[in-house]
Amino acid sequence: MSPRQGRERMPPRDFQLDPRSASLPTGSDAIAQSLQLVEQHLRQLDRPVDSPQRSVHQLRVATRRASAALDLFSDSVRRKDHRRWKRRLKLIRKTAGQARDLDVLIERQQPQPQDDKSLLKQLRTQRRKAQKKLLRLQGRWKKGSPWSKQLKSLSKRLRSKALSKKQARKKTTHIPSVRNALERFENRGRRPIRDLNALHDYRIQAKQLRYTLEWARPDLPKKPTTEVLKELKRIQNRLGAINDHATAIAILSQEKKGLKKQLRREKRMLKLAFERWIEFWNPERRLKFHANTRSLIQSQRSPVQPEPFDINLKFR
């Protein structure tokens, strides 16, 4: 491989998809660079790093952003390539999710000296197994592998189709895709959310909306887009706390040894996180948020009438 080809294979060093950036790649460049960033993060998993948890988190975020790019710029890729890479990104994200869930639980157990040390040993054993699954995926994307060759071919096809940023903006608008993402999020918010699965679905829709908006920012008004992205990040953080405790309960419940004390603590923290979520995502805040989202696409739809949350959260 020539030096020039090597440079084309990886995204720029400062390519971090910062939502505040005004120079995000567009169209075919966005797809190629976001997939290459996933490849970069996956290949770094077996290297010594200060924070393995952060590496796994960055990998999962990269897969979501790449998936959003594939959807938003789907007219730049063949349907076959779209399905193939969406399926692979989902596999990587799901496998990394198992490792990430264990990382969170291990980190929460470590500051508890009174807890049974055997629990940490069991969790670390599970984490090593999860790491092996990730490394097997890494092996499927090594240099010369079918995944690597297919990405190289896709990047070459995308470069041949690439337009200048000015041409790309003039040629198409992403308002319909943004409108669809907004409608999915709003529709999920209209329904009463009374269990953890529903809250998880709501969080997934928030993530999909956030990453879609990040890619589509050049087509959207700056101020409301910035406000909506900030609020979506707050929503993710609060729902993420609920999901972390719910996942911890599910993992601890599968252990053979009695862990009643840890389970009681996680259930207590889950209820507290849920109460904080209800206090945060009150009807007034929800209406204000949806008013901002409608201003992004200049929609004339009637305001969303949110239904109240049920404080009696159903545990898994």
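I first read the order of elements: from the N terminus the protein runs α-α-α-α-α-α-α-α-α-α-α-α. The model is predicted, so that local features need pLDDT of at least 70 and side-chain atom pairs pLDDT 80 or more, while totals for chains, interfaces and linings use all residues. Residues are numbered from 1 along each chain as its sequence is written, and side-chain values use heavy atoms, without hydrogens and water.

**Overall fold.** I noted 12 helices and zero strands; these are DSSP runs, H or I of at least four residues for helices and E of at least two for strands, numbered from the N terminus. Of the 316 residues, 48% count as buried (under 20% relative accessible area, with a 1.4 Å probe and protein chains only). Among contacts (heavy atoms within 4.5 Å) with a separation of 6 or more, 77% join residues 24 or more positions apart.

**R93.** I located R93 in helix α4, residues 79-109. R93 is buried yet has no salt bridge (a side-chain nitrogen of Lys or Arg within 4 Å of a carboxyl oxygen of Asp or Glu). The nearest side chain of opposite charge is D71, 8.5 Å away. Leaving aside neighbours within four places in sequence, I found R93 in contact with R60, T63, R64 and S67.

**Positive patch.** I recorded a surface patch of positive charge formed by K117, K121, R124, R128, K129, K132, K133 and R136. Patch residues have over 30% relative accessible area and no salt bridge, and like charges are joined within 9 Å. R136 lies in helix α5, residues 117-140, and is exposed (over 50%) at a relative accessible area of 55%.

Technical notes:
Patches are made of residues with over 30% relative accessible area and no salt bridge: like charges are joined within 9 Å, nonpolar side chains (Val, Leu, Ile, Met, Phe, Trp, Tyr) within 5 Å. Accessible areas come from the Shrake-Rupley method with a 1.4 Å probe; for residues, only the protein chains shown count as cover. Lys and Arg count as positive and Asp and Glu as negative; His and the chain ends are not counted. The place of a charge is taken as NZ of Lys, CZ of Arg, CG of Asp or CD of Glu.
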